[in-house]
Amino acid sequence: MTNISTSDRPVLHARGISKFFPGTIALDDVELRLMPGEVHALLGENGAGKSTLIKCLTGAYRRDAGVIMLDGTEVEPASTADSQRLGIGTVYQEVNLLPNLTVAENLFLGRQPMRGGFIARKRMNAEARAVLQDYGLEIDPAEPLTAYSVAIQQVIAIARAVEMSGKVLILDEPTASLDHDEVQLLFGVIRKLKKRGLSIVFITHFLDQVFDISDRATILRNGRVIGECVLAEVTQHDVVTMMLGRQLEARVKARDVGVAGKTLVEVEDLGKRGMIAPFSLDIREGEVVGLAGLLGSGRTETANLIFGVVPADQGKIMLRGQEIGVTNPRDAVAHRFALCPEDRKVDGIVGDLSVRDNIILALQARQGWMRPIPRAKVQEIAESYVRALDIRLASLDMPIRLLSGGNQQKALLARWLATNPDFLILDEPTRGIDVGAHAEIIALIEQLRADGMALLVASSELEELVAYSTRVIVLRDRKQVRELAGDEITPDNIINAIATEEVA
Amino acid sequence: MTQPTVGPRPSVFKRIMPQLVILAVALALNVAVFPEFFHIDFRNGRLFGNLIDVLNRGAPVALLCIGMTLVIATKGIDLSVGAVMAIAGAVAAATVVDGHSWGTALLAALLAGGLCGLWNGFLVAVLRIQPIVATLVLMVAGRGIAQLVTEGKILTFDNAGLINLGAGTIAGAPTPILIWLALGALVTFGVRRTALGMLIEAIGINERSSRLAGINSRVLLVCVYLVSGLCAALAGVIVAADIKGADANNAGLWLELDAILAVVIGGNSLLGGRFSIVASLLGALIIQSINSVILLSGLPPEFNLVIKALLILGILVIQSPRIGNYIYMLRASGPQPQPDPLVRQRPEKEAAQ
Amino acid sequence: MTFKTTLLASAIAIAPVAAFAADMTIGFSQIGSESGWRAAETTVTKQEAEKRGIDLKFADAQQKQENQIKAIRSFIAQGVDGILVAPVVATGWDEVLEEAADAEIPVVLLDRTIDADESLYLTAVTSDLVHEGRVAGEWLVNEMNGADCRIVELQGTTGSSPAIDRKNGFEQGIAGHGNLEIVRSQTGDFTRAQGKVVMESFLKAEGGENICALYAHNDDMAVGAIQAIKEAGLKPGEDIKIVAIDAVPDAHKAIAAGEMNATIELTPNMAGPALDALEAYLASGAMPAKWIQTESKLFTSADDNEAIFNMKKDLGY
């Protein structure tokens, strides 16, 4: 794992960095080693902890544990300005310069050359011109920033960060809004800086660019470091594998997906323009259909369309052979559909309501407000699910937002199980929850399948999908590209289906 | 049938404790400036005393804050209630002046208030206009509508039935007191004995989640604005009946702010979510007690607003989260509360897997 | 300009001819209709104009000065013979009044004065707020005739000039009479509802039997207070003497019913004296005084309040 050849002392060495948010562990004992003169890629799916790590390094967040060493001395950046002074400069995807000022003013803002209490404008422009020439830019620094393209603004931002800091440069998705030529312009600048001995942390979602410009990479998943590698020694396939994970491989052996029953739900050509291409799928009782794909491939969109969160503009849904209209979640619930959403906090929990009310919510909504569920019955339902799912709480009266991520997820599962659904859609059911709850939720999915429920599970955890799915549908670029069944379902096959063109 | 046999509900008394304490202090201030404050006698066939005045004069704000509490629980706000009062008063007055009975007038006023509420609900729930903007429309236009009804003058009437609603008594107690007590009880019962209360809180806390859980948030939103409009209409009728005339220019003027203040003093968050109508009603009484202190103190009227502002500032400071934390810390250093039975009874892991 | 002058000169030349008045056009920029009194003023102004055969062009400014300025400019453009303005605020009139002066159109202010050079307007017709209060005070002095009297006062909106002036006037009216004492004074915001609420608190704080008279800065508050007094089991007008200002129809009704004792009229007829002055000026160039004070007439039970009520009730109060 640490097969780094150079014996130099790292410029920046962060060790044991941990950051907790209420209910989740955003960073767990993370290490980042940045060697002199290297471009170091920081990789991981969204939510893996990349930006949290950057924010801890630059002092935007207070970390909860860990040490940051810069040039061998421990530093404690208290703010981004502070970290800049120490030598760590950061450039974000959204250029955070002042568009109404000139290029030179942006470059020197806060440290303008002065003469007699006034800004020495001429000298400032001349110095700016000289600095920018070093970056290969022949532009007029007296022009306003907005006279130039985003790529040039990006370079100006880099120049400003480097001139002010000079040791470490962090580039947070700088290429996200650039076209191919502009990316090359930026990479030219990065190579020059690298030659000057600057160390650069590079964050992007584009693997091609990672392999193009970076020397080494650190891969994060679920707030942990999965690996550190020299990019010349690995393939894109390896990197994708590490990003998506294959730690539960042992479970694959124990795959037992049972026998599926009658077809319950058939989706025909369901789609919505601009959101997801029309797709068809059918799900039988006692079957788990897995949805695999990288971030943004259309997993969540598929789930939302079937549940009516966003009404489809074409296609139809059949339930037991009868066409049904699902234009909003209420319709879906009425047909005994259920959806545990991906973003628990935004779409799932009702934070200030008690755990009890959260568990009863969907059932009560289906019954209508006129027919309140008797309190004794509510208590019985809530208590039985707290026991069955082992939800850890101090009291059913406590607001659900105080529970940990895993317990919140279990309470949401309880909310939907209480409605006794025929068809359960789970979107990222194990994201951001602790290991124990993780295993319990997987066990629950298997249990529900064995009980004859139809499930559609979207997950970025491939081993999980392999473990419990009867079939796996692979999505790429908001289209279904492959359906795997039976023995075809292996992490490698899924990764190949995802990566074939994605990485090429 | 629905006996709450299992599980202790978080005590209502504990929830309204701060408001009770503040009300007690406000009443004590009244006694300080006027020692006979609590003296009540029976005069001219009606209960007569300062405490009765507080309850009676607090009626409009109390009625408004019932609806306002529900609206605010959904993360909304209803700025139009003062104007709706003016409309309802004008409609009631115009109806009896036209020779109809007081019952017809009351129904007409409620109909007008209900329509105003539906209009607000339509703007908020269907057109998705921000509540503060949506209700501002009627706040501005409503008084104009009321003036059209009264033709710009105070529309005086002498219908005994209608006047009774504002100035009359039932068994010696002023009618407005009975009306707001009854409506407060009715609505509290209505939202807590059905699932309405919980569903309203749910959409106020997280409307997306609630919608995904199958709650019909649109209908609920329209409902709360409707209730608010009806409460305002009732308040408007009472105010008009009290002075035997509909004063379109002044009826309910700025009362929307008092109603919002009552809800806030009641400890309800303007960001929506958990609500207590009882606490809001106590908030309304607190405001009226402060008004009473000012009137009884005999200080020149130039001090009115300053005194009111200082007292309310004091209340809000005491209720602020930081002070709340401080009080909590003081309490926590005392004897520890017993843990919930559920924790101790934690069962073994069950056969889920 | 010269055309205007010729026109004006010829108008003056033929002034004595009776047919002249029928051709006169007057613009009236009213503040709005924020109160019953204001509505009555509008009605009376229209009546006065009709009586004189004047063509009145009416513009409602809805409480906005910019609307009033716009209206005055349009009157100037239409070449009216004179302009009446009930100014919504005291400042900011110089420019538009200079335009009127350039066009040689006389402007008369109604009901309020402004901060501008006196030469910019012909005259101002207003009531004297202090005087109104003084008349109320003097009436009470006569009524009590030396007997001790504890007075409660319902003030207008705190800080407003009618509230300040009517308070001062009343205090001047009762000055030097040690038997009269104001024991409580609180604002009732000029509204019926607040008048009732505040009177209720007076009755409790002082004890109804200890209050001998009520002075309210307007009739609306007095009407509210009358109800409070009745609800306290006392007889308004007998147990507690009531004097207020404005003489709105409901006050006459209350006096006729014996529930109120006196009211001082703030006449809605500002236009009468204003039009008199305008006609005289246009006819003969006679300059009126810069300030024409309207009469502050006292009404008591001696008057035929029933008849006055019937006359006034349709004025729009």
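Predicted model: local features only at pLDDT ≥ 70, side-chain atom pairs only at ≥ 80, totals over all residues.
Figure 1. As you trace the fold, look for twelve helices and twelve strands in chain C. Of the 317 residues, 57% are buried.

Figure 2. Start at helix 7 of chain C, which covers residues 161–174 and holds Arg166(C). Is this arginine buried or exposed? Arg166(C) has a relative accessibility of 3%, so it counts as buried, the cut-off for buried being under 20%. The side chain of Glu132(C) is joined to that of Arg166(C) by a polar contact of 2.9 Å. A polar contact of 3.2 Å links the side chains of Arg166(C) and Asp246(C). Leaving aside residues up to four places away in sequence, Arg166(C) also touches a set of neighbours that includes Leu129(C), Gly133(C), Phe190(C), Tyr215(C), His217(C) and Leu266(C). Asn218(C) and Ile245(C) are among the residues it touches as well.

**Figure 3. Glu306(C), in helix 12 of chain C.** Now move to residues 305–312, the stretch that forms helix 12 and contains Glu306(C). With 47% relative accessibility, Glu306(C) counts as partly exposed, because that class lies between the 20% and 50% cut-offs.

**Figure 4. How the chains are placed.** Two pairs of chains do touch, and the pair with the most contacts is chains A and B. Chain C meets chain B in a contact that takes 29 residues from chain C and 30 residues from chain B.

**Figure 5. A closer look at where chain C meets chain B.** Together the two chains bury about 2,700 Å², with 49% of that area on carbon and sulfur atoms. On the chain C side, the residues that lose the most area to chain B are Arg192(C), Lys204(C) and Glu231(C), which together account for 23% of what that side buries. Lys204(C) also has a charged partner across the boundary: it forms a salt bridge with Asp53(B), the closest N and O atoms being 2.6 Å apart. How many salt bridges does the rule find across this interface? There are four, and ten residue pairs are in polar contact.

**Figure 6. The chain C side of the interface, element by element.** The polar contacts with chain B number ten residue pairs. Three elements of chain C give two or more residues to this side: strand 7 (180–187), helix 8 (192–206) and helix 9 (219–231). Helix 8 gives the most, with nine residues. Sorted by class, this side of chain C has twelve polar, eleven charged and six nonpolar residues.

How values were computed: Residues numbered from 1 in each chain as written. Chains lettered and ligands numbered in written order. Heavy atoms only, no water. Contact = heavy atoms within 4.5 Å. Buried area = accessible area lost by both parts, 1.4 Å probe. Salt bridge = Lys/Arg side-chain N within 4 Å of Asp/Glu carboxyl O. Polar contact = N/O pair within 3.5 Å; in protein donor to acceptor, adjacent residues only side chain to side chain. Helix = DSSP H or I, 4+ residues; strand = E, 2+ residues; numbered from the N terminus. Nonpolar A, V, L, I, M, F, W, Y, C, P; charged D, E, K, R; others polar. Buried < 20%, exposed > 50% of the residue type's maximum accessible area, 1.4 Å probe, protein only.
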